[in-house]
Structure formats: structure tokens, C-alpha cells
Amino acid sequence: MPRKLLKFLIVFDNTSLLYFPGQFLSGKVLMELQDDTPVLGLHFHVIGEGVVRVGSGRHERLFDKENYIDFRMRLLGEPGNGPSILSPGIHSFPFKLGLPMGLPSTFLGTHGWVQYYCKAALREPNGLTHKNQQVFIVMNPIDLNLEPPVLAQEFELSVEHKLGVGCVGGGSVSCRVSLDRGAYVPGQSIALSALVDNRSRTAIRATRAALTETIQYVSHGKVAARESRELARLSRGKLRAGHEQRWRRELLYVPPLPPTNLRGCHLISVQYDVFFIIEPKSLEKEVKLQLPILLGTYPFRDEQDEPRPPTHYPTTLPVFRPWLADKQAN
């Protein structure tokens, strides 16, 4: 039997496949037919969903899901009517949908994801159904200029920690750490300053600063999984007893990453922190100072800066996660 359907595609008007909440998702379903073809209907479905899945197959332990878009429409045919006859050649069926405000950004993680896609189904009277689908990307931007102004200011954290017992390494170490501000965008660098004063009788093995990402997955109101990753690091060596160590605007680079919190998603949260860590030479635990930061999409601008052009996301779209590809390849 000759093949009647030569092509069946979903084509978006926006070839970048990148959309913002509130924009229109528009395009067409294209089909190319070789012969006259009876068709019962052409169904179109737009889906946006967040999924948490811990484990897989029979070993799946936790699963939860929430929907952001569930829009169905018929592009051809009516319920109860007979088949329509489509002639040979190319046929185009347009669609247009306004995306809701507040959609969370597309995200891919080890135990969950936020994704958006369209599905098209062409039904023939003989029971045969042709299917196709196309993914698109949603980015819900965070403009740092619309966030609380305090995030644009320098902030610091300090701690004093006792080391040793009595005359065996006794004393304390004090540390004051500051960041040039509390919010950044990918591609910028975090300027970190610190003063470590070792007033104890024992040496400090090393000090280090790290930018970390923590992803938390929630299923049915409970934390199902959590993963943390170190994204950038700076380190210094030994600090002798009775000495000081100064860090002067050392730079931690912010790589391409999704914005903080995946706003609009209740199953997956993303948090970024800068940790400053002191490693005592003895068997004592590390001393950690945690400075949470906000990661946005558009950077702070000065008053003399020109108005920002219409919304355009940077070219480094943080959807592909290299470590996931490595994990799947192993």
C-alpha cells in the first residue's frame, strides 16, 4: 500500500523555540499528502508540566506532578461528523495560544523537570493515528532591578569560633566575609572579601570559598530528594596560629544557570549560596559561613544607563546540564 502521508510536522513561528510567559505561542501543523486522504480529525494539545520522579521503573519510590498548561483544540474535523477528504499536496493548519503569566522556567534535573511541548494527532477512519510532538522553551525572567533594592548593596556575615580545649590549641578564630551585592546574573563574577583572624594556638589547614547550587525535589508535600553541586571555588593555604589572612575582592565566576527558585513551580526549588569555609588543622569540624544569593536574568543597571531594550534572554540558555549528559553516557 503506497504511503499517503509524506510529512507531518509542528512548526513554530519563533524559530528559536524560546518564549516568555504572556507571549503568544503560534505556528502551524504541516502535512504533505501523496493521494486523496480521508481524515476524521486533527487534534492539537499544548502541555506544560512539572514532574518529580525518584527512582525509575519498578524501583520508582516517589512521583508527583503539576500542570501549568493543558490546552486542547481541534484543527480539523468536528465530533460526530464524517471524514474530510484532503487532496494531494501540502496542507497548513495554524494555531495560536497566549501563554499564561507566571509559568516556571524550563528546567532539567536529576530527579525532576519542568518542560513544555505540543502534540499533534491525525486520525484516519481506518483507526490509524499519526502523531508528532515538538518541545518549546519557556524562560520566566527575573529582572534584578525589580527585586528589593537591598540586593544591590554589599552584605557581610561574621562568626567567632572556639578551637581546641584549654591549653591544647585553645583560642578562637574569627572570620568576616562580605559580597559586593546579593544578586547576580550568569556571566558575572561575585567579588568576595574576607578577614580571617586566627587567635588560637593551632594552625588553620586551609580556607576556601565556593559557589554552590542546591536543588530540592518535593513529592506530596515532603522532600523527596536533594542534590548539591559546587560550581566554582577559590582556596588559600595554611594560616598559622596568631596570624591573619585577607581576601580582597576575589572573583567567583557565575556559569550559565537557571534562575533562583523556579518561580511558579511548587515541586522543584533551586537555591544558590556562597560558602566560606575554614578547615582547622586538628580533627575539629569545618567552620562554614553561608551567604545566600539570588540568581536572576537581567542585571542591575545604573541610573545613567540607557533603558533596556525589549526583553531578550542572553544567548546562554541554561537548559542543558553537562553533568547529566556525562552521567547518562557512563
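The entries below go from the whole chain to a few side chains.

**Overview.** I reminded myself that this is a predicted model. I started with the secondary structure and found 1 helix and 20 strands. Next I looked up burial: of the 330 residues, 45% count as buried. The exposed surface comes to about 17,800 Å², and carbon and sulfur atoms supply 52% of that. I also checked contacts with a separation of 6 or more, and residues 24 or more positions apart account for 71% of them.

I picked strand 16 (residues 204–219) and strand 17 (residues 222–236) and asked in which sense they pair. The pairing is antiparallel, over 13 bridges. Then I went to the turn, where 2 residues sit between the strands. His-220 takes a positive phi there, near 55°.

**Aromatic rings.** I wanted to know how many aromatic pairs there are, and the count comes to 8. One of them is Phe-12 with Tyr-19, which is edge-to-face at 6.1 Å centre to centre and 70° between the planes. I looked up accessibility for both partners. Phe-12 has 5% relative accessibility, so I put it down as buried. Tyr-19 has 3%, so it counts as buried as well.

Tyr-19 also pairs with Phe-136: the centres are 5.9 Å apart and the planes are at 85°, so I noted this pair as edge-to-face. Where do Tyr-19 and Phe-136 lie in the chain? Tyr-19 is in strand 2 (residues 18–19) and Phe-136 is in strand 11 (residues 129–138), so the pair ties together parts that are 117 residues apart in sequence. Phe-136 has 1% relative accessibility; the cut-off for buried is under 20%, so Phe-136 counts as buried.

**Charges over rings.** Last, I looked for charged side chains over aromatic faces and wrote down two. Lys-96 has its charged end over the ring of Phe-24, 4.6 Å from the centre of that ring. Arg-236 lies over the face of Trp-247, and here the distance to the ring centre is 4.9 Å.

Key:
Residues numbered from 1 in each chain as written. Predicted model: local features only at pLDDT ≥ 70, side-chain atom pairs only at ≥ 80, totals over all residues. Heavy atoms only, no water. Pairing = 2+ DSSP bridges. Helix = DSSP H or I, 4+ residues; strand = E, 2+ residues; numbered from the N terminus. Phe/Tyr/Trp six-rings, centres within 6.5 Å; stacked < 30°, edge-to-face > 60°. Buried < 20%, exposed > 50% of the residue type's maximum accessible area, 1.4 Å probe, protein only. Lys NZ or Arg CZ within 6 Å of the ring centre and 35° of its normal. Contact = heavy atoms within 4.5 Å. Areas by Shrake-Rupley, 256 points an atom, 1.4 Å probe, with all protein chains shown as cover.
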